[in-house]
Amino acid sequence: MGSRRFLSKGLKYANFTPTNFKLKRALVVTKLSRYEFEQQRNPQLSREQLEKKLRDRGTDVEMILYLHNLHKDFEKRVVQSFQDVGCEVKMASRLEFRSSLSKDVMRWADVIVPVGGDGTFLLSAGRASPLFALSQQKTPIVGFNSDPLHSEGRLMLPKHYSDNPADAVARIKSGDFKWMHRSRVRTTFLGNNGEIPESTDLFRHIEVKMEQVTTKPELLDQNMARKYKARMKRVLPYLALNEVFIGEHLSARVSHLQLVLDHQDVVNKTKCSGLCVSTGTGSTSWHTSINRITSRCVEDLLKSLPNSSLPDLSTLLASSEEIAQQYNRNLLFAPDDPRLCYSVREQICVGVWPMPKTFKERDFGQSVFVKSHCLDANLVIDGSIMYPFNDGAKALLEVHPEDALLTIALD
């Protein structure tokens, strides 16, 4: 499940096999429950006052309390499971973002354990980055789905381990697992002064500036500088496990972007509802939502064909659901695939747009260069970390083997 080509020799676990992986310290990253989110938004209210406010606006307080307690009880079971095999455990929370998910804590852990859903996993993966931690350590991740009845948890362990997390921990401790390597997107800003705007944390739904990690600006080589009309480059410290999205902050506004694929000489100009650049891991997520078709689309397409009343077409119409499902399955690609897949969302195809007309709204590539001609746009990493990306901003999106996320996989 994965390939060694995705691990550079300098990383800590490059030559590890599961059987010689030493599990001594686990960092458990906890989910921000809906109830905790409401507490965070209303810190001045007591528990009784908060629950009254929620009831007054029509919120099902009993349900969000039930789900909150469900998550917390499961967290305790996971922590106890690691402690039972002699593992030291530290807890990290979104509510204590800066202190509990610091670079030092990330370097301390032998394994990072998000407990919750895919959002919690993505948060953990964003910090389990050599670029973020400023070290050559590659810390593996294994996720537990705390509520498989209400969460798909594609990035987590199979749902049966939610019933018995101790089973999973025992297998990890004994080396009875497989490594999986997931490609990630590296984002590099290009410009003339090497500066990057401050990022914003979207997970807490408030305008809070992220902790800023220093990555030094570097001079571009002459070919890149001439091609993209920039002098400096600066790599962002956050890697995207699912996707990078670029578009206007106001979704009703058209996003005007220029793209160069694989450093070719063609500049592709598009007006659209935004650009999604996805990994194989992210192909099950927003990538599929943007590009999927329904059985209704298949039926409408078939009925538009000449002689649509022929028996062969009638057979195809009867299989429209199966055809749609097969098409949607074909949108997916492997988590360790070294390519990116870009998707132009709702591309305008009227008049001169796109330019040139041969520009595909979706395709694979090794790199995607994007220049913004937007008014109030953002570049968003995994739906959680946002950078302003307005007129003139330039970014290069790539996959680098050494950036792959190391995860623990169980059957």
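Student: What does the lining of the second largest pocket have by class, in nonpolar, polar and charged residues?
Tutor: In this predicted model, the lining of that pocket has 13 nonpolar residues, together with 6 polar and 2 charged ones.

Student: And which residues lie nearest its centre?
Tutor: Of the 21 residues that line the second largest pocket, Arg154, Leu155, Met156, Met180 and Arg182 lie nearest its centre. The elements that give two or more residues to this lining are β5, spanning 178-182, and β21, spanning 405-409.

Student: Which element gives the most to the lining?
Tutor: That is β21, which gives 3 residues to the lining of the second largest pocket.

Student: What's the volume of the second largest pocket?
Tutor: The computed volume of the second largest pocket is about 290 Å³.

Student: How many bridges join β9 to β10?
Tutor: There are 2 bridges between β9 and β10, the latter made up of residues 232-235, and the two strands run antiparallel. Leu219 has Met232 in β10 as its bridge partner, while Glu218 stands opposite Lys233 in β10.

Student: How about β6 and β10, how many bridges there?
Tutor: Strand β6, which covers residues 185-191, pairs with β10 over 4 bridges, again in the antiparallel sense. Here Leu190 stands opposite Lys233 of β10, and Lys233 is also the residue that Glu218 stands opposite.

Student: Last topic, helix α1: which residues are buried there?
Tutor: In helix α1, which runs over residues 34-41, the buried residues include Tyr35, Glu36, Phe37 and Glu38.

Student: And what covers the buried residues of α1?
Tutor: The cover over the buried residues of α1 includes two further helices, α2 at 47-56 and α3 at 61-84.

Methods
Residues are numbered from 1 along each chain as its sequence is written. This is a predicted model: local features need pLDDT of at least 70, side-chain atom pairs count only at pLDDT 80 or more; totals for chains, interfaces and linings use all residues. Side-chain values use heavy atoms; hydrogens and water are left out. On a 1 Å grid over the protein atoms alone, a cavity is a set of points where a 1.4 Å probe fits but cannot get out, and a pocket is an open set with protein on both sides within 12 Å along at least five of seven lines; lining residues have an atom within 4 Å of a point. Grid points are joined across faces, edges and corners, and a volume is the space filled by probe spheres set on the points. Ala, Val, Leu, Ile, Met, Phe, Trp, Tyr, Cys and Pro count as nonpolar, Asp, Glu, Lys and Arg as charged, and the others, Gly among them, as polar. Two strands pair if DSSP finds at least two bridges between them. Buried means under 20% relative accessible area, exposed over 50%, partly exposed in between (1.4 Å probe, protein chains only). Contact means heavy atoms within 4.5 Å.
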